[in-house]
Amino acid sequence: MPLPSAQSLDGFTVDGTNSVFTVPVTGTYLVTYRINPTVAVAMSSQVLRNGTAIPGSVFSPVATTEYGATVITPLTAGDTLTLRLSGIIAAVVLQGGAGASLAAVRLA
């Protein structure tokens, strides 16, 4: 899922689509995300580390306009993080402003 281009990367690198973020330093990270569609949608969301969902990051409600999770997880330099939506049966339009966000803060 592409994210807004106005980002504070603090050493992270991002691909040209603003959807894949590469971890700069090995450590323990607080990873949090929010997705806010304009209408309630039945879908799942999660953060992927190297293509695999980070345990605790999967959010699968019936239908809502607020998706998100916060987890503490170890990450290794070079790991990639991606925010993903799945189980969508229609196009998802995000709210203006902070319609989607992903943050990874190194704790140790």
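Two residues are in contact when heavy atoms of theirs lie within 4.5 Å. By that criterion, residues 24 or more positions apart account for 70% of the contacts with a separation of 6 or more in this protein. The structure is a predicted model. The protein has eight strands and zero helices, and its radius of gyration of 13 Å is close to the 13 Å that the globule rule gives for 108 residues, so the protein is as compact as a globular protein of that length.

**Overall dimensions and surface**

- Taken along the principal axes, the C-alpha atoms fill a box of roughly 35 × 25 × 20 Å.
- Of the 108 residues, 33% count as buried.
- The protein exposes about 5700 Å², and carbon and sulfur atoms supply 58% of that area.
- There are 4 positive and 4 negative side chains; the centres of these two sets lie 7 Å apart.

**Strand order and sheet edges**

- Along the sequence, the pattern of elements reads β-β-β-β-β-β-β-β.
- Five strands form an open sheet in the order β1-β2-β7-β4-β5, and their pairing is antiparallel.
- The edges of this sheet are β1 (13–14) and β5 (52–53); each has a single partner strand, so one side of each is left without a neighbour in the sheet.
- Strands of a sheet pair through backbone hydrogen bonds, in either a parallel or an antiparallel sense.

**Strand β4 and its two partners**

- Strand β4 comprises residues 44–49, and five of its six residues are buried.
- Towards β5, strand β4 pairs in the antiparallel sense over two bridges; Leu48 has Ala53 of β5 as its bridge partner.
- Towards β7 (residues 80–86), β4 is joined by six bridges, and these strands also run antiparallel.
- Arg49 has Leu81 in β7 as its bridge partner.
- The hairpin of β4 and β5 has two residues between the strands, and within this hairpin Asn50 takes a positive phi near 55 degrees.

**Ser57, a buried loop residue**

- Ser57 lies in the loop between β5 and β6 (67–75).
- The relative accessible area of Ser57 is 2%, under the 20% cut-off, so Ser57 counts as buried.
- Not counting residues up to four places away in sequence, Ser57 touches Tyr33, Ser45, Gln46, Val47, Ala69 and Val71.

**Val31, a buried strand residue**

- Val31 is found in strand β3, which covers residues 27–35.
- With a relative accessible area of 3%, under the 20% cut-off, Val31 is likewise classed as buried.
- Leaving aside neighbours within four places in sequence, Val31 is in contact with Val47, Ala69, Thr70, Val71, Thr73, Leu75, Leu102, Ala103 and Ala104.
- Val31 and Val105 are 74 residues apart in sequence, yet their C-alpha atoms are 6.5 Å apart in space.
- Val47, Ala69 and Val71 are among the residues that Val31 contacts, and Val47, Ala69 and Val71 are also among those that Ser57 touches.

Key: Residues numbered from 1 in each chain as written. Predicted model: local features only at pLDDT ≥ 70, side-chain atom pairs only at ≥ 80, totals over all residues. Heavy atoms only, no water. Helix = DSSP H or I, 4+ residues; strand = E, 2+ residues; numbered from the N terminus. Rg over C-alpha atoms; globule rule 2.2 N^0.38 Å. Buried < 20%, exposed > 50% of the residue type's maximum accessible area, 1.4 Å probe, protein only. Areas by Shrake-Rupley, 256 points an atom, 1.4 Å probe, with all protein chains shown as cover. Lys, Arg positive; Asp, Glu negative; His and termini not counted. Charge placed at Lys NZ, Arg CZ, Asp CG, Glu CD. Pairing = 2+ DSSP bridges.
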